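Hi everyone, thanks for making time for this.

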Amino acid sequence: MLIGTDFEVKVWETLLRIPVGQAVTYSSVANQIGRPTASRAVGAAVGKNPISFVVPCHRVVGTSGALTGYHWGVPRKRAILGWEAGIVSAAH
């Protein structure tokens, strides 16, 4: 069970639906939860994710595709995304 505000839980549930090997933007998550102007709040909720590898906050990127903040650092975020891309490639 995820414990957070209703908004945070909506964000985290949205993150759980991002397929392995894919990334979405903060604004995309905001749109998906029906709060299109809440990209910054989405970023804050992503940062409060209590179980980050299970709830894949590493799959959220900036609008430009840039790898933005990650609790364990951008190099680790890049590595996880690369690892996931490799899994997807190997499956095809």
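First, some ground rules. This is a predicted model, so local features need pLDDT of at least 70 and side-chain atom pairs count only at pLDDT 80 or more, while totals for chains, interfaces and linings use all residues. Residues are numbered from 1 along each chain as its sequence is written, and side-chain values use heavy atoms, with hydrogens and water left out.

So, the fold. The protein has four helices and two strands, and from the N terminus on they run α-β-α-α-β-α. How compact is the protein for its 92 residues? Its radius of gyration is 13 Å, close to the 12 Å from the globule rule, so the protein is as compact as a globular protein of that length. That radius is taken over C-alpha atoms, and the rule is 2.2 Å times the number of residues to the power 0.38. As for the elements, they are DSSP runs numbered from the N terminus: helices are H or I with at least four residues, strands are E with at least two.

If you like to picture a box, the C-alpha atoms fill one of roughly 35 × 30 × 25 Å along the principal axes. Buried residues make up 36% of the 92. By buried I mean under 20% relative accessible area; exposed is over 50%, and partly exposed is in between, using a 1.4 Å probe and protein chains only. Contact, for its part, means heavy atoms within 4.5 Å. Among contacts between residues at least 6 apart in sequence, 53% join residues at least 24 apart.

Now to the inside. The largest nonpolar core has 20 residues, and those with the most contacts inside it are F7, V11, L15, V42, V46 and V60. A core here is a set of buried Ala, Val, Leu, Ile, Met, Phe, Trp, Tyr and Cys residues joined through side-chain atoms within 4.5 Å. Which element gives the largest share of this core? That is α1, with five residues. Helices α1 (6-16), α2 (26-32) and α3 each supply at least two.

Let's stay with α1 for a moment. Its buried residues are F7, E8, V9, V11, W12, T14 and L15, and what covers them includes α2, α3 and β2 (60-61). Leaving aside neighbours within four places in sequence, T14 is in contact with V29, Q32 and I33.

A38 sits in the loop between α2 and α3. Is A38 buried or exposed? With a relative accessible area of 6%, A38 is buried. Beyond its neighbours within four places in sequence, A38 is in contact with F7 and A30.

Next, strand β1 (residues 24-25), where we find V24. V24 is buried as well, with a relative accessible area of 17%. Not counting residues up to four places away, V24 touches I18, V29, R59, V60 and V61. V24 and G62 are 38 residues apart in sequence and 8.3 Å apart in space, C-alpha to C-alpha.

For contrast, look at helix α4 (residues 74-91), which holds A91. A91 is exposed, with a relative accessible area of 65%. The C-alpha atoms of A91 and R78, 13 residues apart along the chain, are separated by 20 Å.

Last stop, the largest pocket, with about 180 Å³ of space. A pocket is an open set of points on a 1 Å grid over the protein atoms alone, where a 1.4 Å probe fits, with protein on both sides within 12 Å along at least five of seven lines; lining residues have an atom within 4 Å of a point. Points are joined across faces, edges and corners, and the volume is the space filled by probe spheres set on them.

What lines the largest pocket? Y26, G43, V46, G47, N49, S52, C57, G69, Y70, H71, W72 and K77 do. Helix α3 (residues 39-47) gives the largest share of that lining, three residues. The lining divides into five nonpolar, six polar and one charged. In that count, Ala, Val, Leu, Ile, Met, Phe, Trp, Tyr, Cys and Pro are nonpolar, Asp, Glu, Lys and Arg are charged, and the others, Gly among them, are polar.

That's my tour, and I'm happy to take questions.
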